Amino acid sequence: MRPPWLLGRAASTAHVGPLSSMSMRFEIVTIFPEFFKSIFEHGILRRALAENLIAVGVHDLRAFTHDRHRTVDDRPFGGGEGMVLKPEPLAEALAALGIEPRTERQQIEVSALAPEGSRTRVILLSAQGLPFTQTVARELAALDRVVLLCGRYEGVDERINQLYCDQELSIGDYVLSGGELAAAVVVDAVMRLIPGVLGNEASGDFESFGVADSEIATDAEGVPRSQHGAGGLLDYPHYTRPAEFAGLCAPEVLLNGDHQQIRRWRREQQLRKTLANRPDLIERANLSLDDRRVLESIRKEAAQRDRNG
Ligand code: SAM
């Protein structure tokens, strides 16, 4: 039986027009719709779908072909290795989703004729794209609909990018065999940031790359807590029971129940880890005066260690 998220041609045309303001919708266009089968059946993603906090449509590109072989690719002009995804099936798939070419969509948005719930971004997954980061994930989480085009082979005919796509996104500096894994990464990272998806509204803020304390509402209300907003840093290390494992003890400070001390310790760990693994993030992080003092002493400590050999 066809799973509910696997949409063919008829079903794709069914949700053209205003979309529900309740849930955010992802549309994935792919030649391997079955690839997504298990991805939506586990954990937070499954719960978000079941609770209608998000909706996902997976569209089989071959449903938008007209020949007996359901051809989606052709040889590259100019020669060279591999095949290229043809533009016509992709354009048809987008039309079935009610997606106009980019310039027409932009005109509608500028003229304020855009119906409510229609903030859409069309994204081409591509190794040549802009880096997909938590900041981009936050931007996407504020939209009504995100359309993800999965390339295969050598990629997608560039005219689809030129005509329809608002953005090319890359999930990292490596080449995958298809855009499906990248699309799954984008859906997963974005949906966690949609209000109500994570158990605790603010928990996304306390993770790696999360926002700063000043942007977290609970701070203003003075609610005591043992975490800092990440402010663009990496997360701190986590421990659970047993308190001693393989001769290693969980840090004492985490066991004493003093929120302020725990908070200070965790912040220092965030700074240490970010400095060690991702020093580039420190430059852009939202750091307090205290953070800068702690960083300074971590750096001095490291310099001292180097001197001692
Ligand atoms: N010729 C392309 C290049 O050198 O950039 C690589 C094509 S790749 C084999 C096939 C498809 O995988 C791409 O069209 C894209 O959709 C997807 N893909 C590969 N690497 C990716 C990445 N780092 N991020 C997002 N999508 C990627």
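Colleague: What does the chain average in pLDDT?
Modeller: This is a predicted model. The chain averages a pLDDT of 89, and 89% of the residues score at least 70.

Colleague: Where does pLDDT stay under 50?
Modeller: Over residues 10–21. The model has 22 contacts beyond four places in sequence for that stretch. Where pLDDT is low, the predicted coordinates should not be read in detail.

Colleague: OK, on to the ligand. How many residues surround it?
Modeller: 20 residues do. The closest are Ala127, Gly151, Gly155, Gly179 and Ala182. Two elements give two or more residues to that shell: strand S6 (120–131) and helix H7 (179–191).

Colleague: Which element gives the most?
Modeller: S6, with four residues.

Colleague: And how does the shell split by class?
Modeller: Nine residues are nonpolar, nine are polar and two are charged.

Colleague: New topic: strand S7. Is it mostly covered or open?
Modeller: Mostly covered. S7 spans residues 145–149, and five of its five residues are buried.

Colleague: Which way do they point from S7?
Modeller: Arg145, Val147 and Leu149 point one way. Val146 and Leu148 point the other way. In a regular strand the side chains alternate between the two faces of the sheet.

Colleague: Which strands are joined to S7 by five bridges?
Modeller: Strand S2 (residues 24–30) is joined to S7 by five bridges, and the two run parallel. Arg25 has Arg145 as its bridge partner there. S6 is also joined to S7 by five bridges, again parallel. On that side, Leu124 stands opposite Leu149.

Colleague: What do S6, H5 and S7 make?
Modeller: A right-handed β-α-β unit, with H5 covering residues 134–141.

Methods: Residues are numbered from 1 along each chain as its sequence is written. This is a predicted model: local features need pLDDT of at least 70, side-chain atom pairs count only at pLDDT 80 or more; totals for chains, interfaces and linings use all residues. A residue is near a molecule or strand if its C-beta atom, placed from the backbone, lies within 6 Å of it. Ala, Val, Leu, Ile, Met, Phe, Trp, Tyr, Cys and Pro count as nonpolar, Asp, Glu, Lys and Arg as charged, and the others, Gly among them, as polar. pLDDT is the predictor's confidence in each residue, from 0 to 100. Two residues are in contact if their C-beta atoms, placed from the backbone, lie within 7 Å. A residue is buried if 20 or more other C-beta atoms lie within 10 Å of its own, exposed if 12 or fewer, and partly exposed in between; C-beta atoms are placed from the backbone. Two strands pair if DSSP finds at least two bridges between them. A crossover is right-handed if, with the strands pointing away from the viewer, the path from the first strand over the helix to the second runs clockwise.
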